[in-house]
Amino acid sequence: MSDPHLLFERDGHVAIVTLNRPEKKNALSSQMLVRMYDAWVEIDRDPQIRVAIVTGAGGNFCSGADLKAMAAGHPDDEYTKRFAQDGDLHWKALLRHFVPGKPMIAAVEGYAVAGGTEILQAFDIRVAGESAQFGVAEVRRGLFPLGGSTVRLSRQIPYTVAAELLLTGRFMPAEEALRVGLIGHVVPDGSALDKAREIAAQIAENGPLAVQAVLKSMRATREMPEKVGLAYELEIGSPIFQTEDAIEGPTAFAEKRKPQFKGR
């Protein structure tokens, strides 16, 4: 399902999605948004995919929407028709209304601003090169960041930092983003994808049903009161012990071998 604007590859149980408009710093076109949504659906539905990495081509992650294309309007093509058929497609592409039930890792180099930082907030694990820049700059263009940042950002980093970013539109360097918790790793420039692959490989070796259940519980209970969240955790986690993988894991440990998880 690779496309000129979006590359999709598999490495074992890992899917790697590359935003591929390097001449535009991977600004989001209509074509790219459609293909991004298609990629998220494939990641979600394919049981052979256990974890996904998203990165950008040409030394940048994503510079947000292609404002020149927005100003020019959209041609009457297959991508426009897809948007007409699904009024939520662009929100799903931006991981606002839809997030795959698999772990999602962002490998960021260069600019991850505007829509680049908005989509970043939907990722579970985030790695960035040391020169990476983050920011939600919509107010500088008289626009509103509808990708979820006015809701998500202050839940992920301190409110006052989120407010400053959203209201000034300033950019945040990688070290500051690490310090406030927007990202989890800062690595030498050019090695974010390598670090993301390393983390993805560790996740992919684990029991996929267990990983997906842990992820589901973490995402769902983040804003729940503790008592409600603990009850939900039992509901999600208990069935995992009835799976074939739950037998295979301890058996492999006892036999001193690597487990062969089947996702059953």
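Author: Happy to! A pocket here is an open set of grid points with protein on both sides within 12 Å along at least five of seven lines, and its lining residues have an atom within 4 Å of a point. Please keep in mind that this is a predicted model.

Let's start with the pocket. The second largest pocket holds about 710 Å³ of space. Its lining is made up of 25 residues, and those nearest the centre are Ala122, Phe123, Asp124, Arg219 and Arg222. By type, the lining has 13 nonpolar, seven charged and five polar residues. Three elements each give at least two residues to this lining: strand S6 (125–129), helix H6 (149–156) and helix H10 (208–221). Of the lining, H10 provides the largest share, with five residues.

Strand S6 takes us on to the sheet. Six strands make up this open sheet, ordered S1-S2-S3-S4-S6-S9, with mixed pairing. At its edges are strand S1 (6–11) and strand S9 (185–187), each of which pairs on one side only. From one strand to the next, the twist averages 20°.

Helix H1 (residues 30–45) lies across S1, S2, strand S3 (51–56) and strand S4 (104–108), and H1 runs at about 20° to S1.

Methods. Residues are numbered from 1 along each chain as its sequence is written. This is a predicted model: local features need pLDDT of at least 70, side-chain atom pairs count only at pLDDT 80 or more; totals for chains, interfaces and linings use all residues. Side-chain values use heavy atoms; hydrogens and water are left out. Two strands pair if DSSP finds at least two bridges between them. Helices (H or I, at least four residues) and strands (E, at least two) are DSSP runs, numbered from the N terminus. Axes are lines fitted to C-alpha atoms, for helices over the stretch in contact, and angles run from 0 to 180 degrees between N-to-C directions. Contact means heavy atoms within 4.5 Å. On a 1 Å grid over the protein atoms alone, a cavity is a set of points where a 1.4 Å probe fits but cannot get out, and a pocket is an open set with protein on both sides within 12 Å along at least five of seven lines; lining residues have an atom within 4 Å of a point. Grid points are joined across faces, edges and corners, and a volume is the space filled by probe spheres set on the points. Ala, Val, Leu, Ile, Met, Phe, Trp, Tyr, Cys and Pro count as nonpolar, Asp, Glu, Lys and Arg as charged, and the others, Gly among them, as polar.
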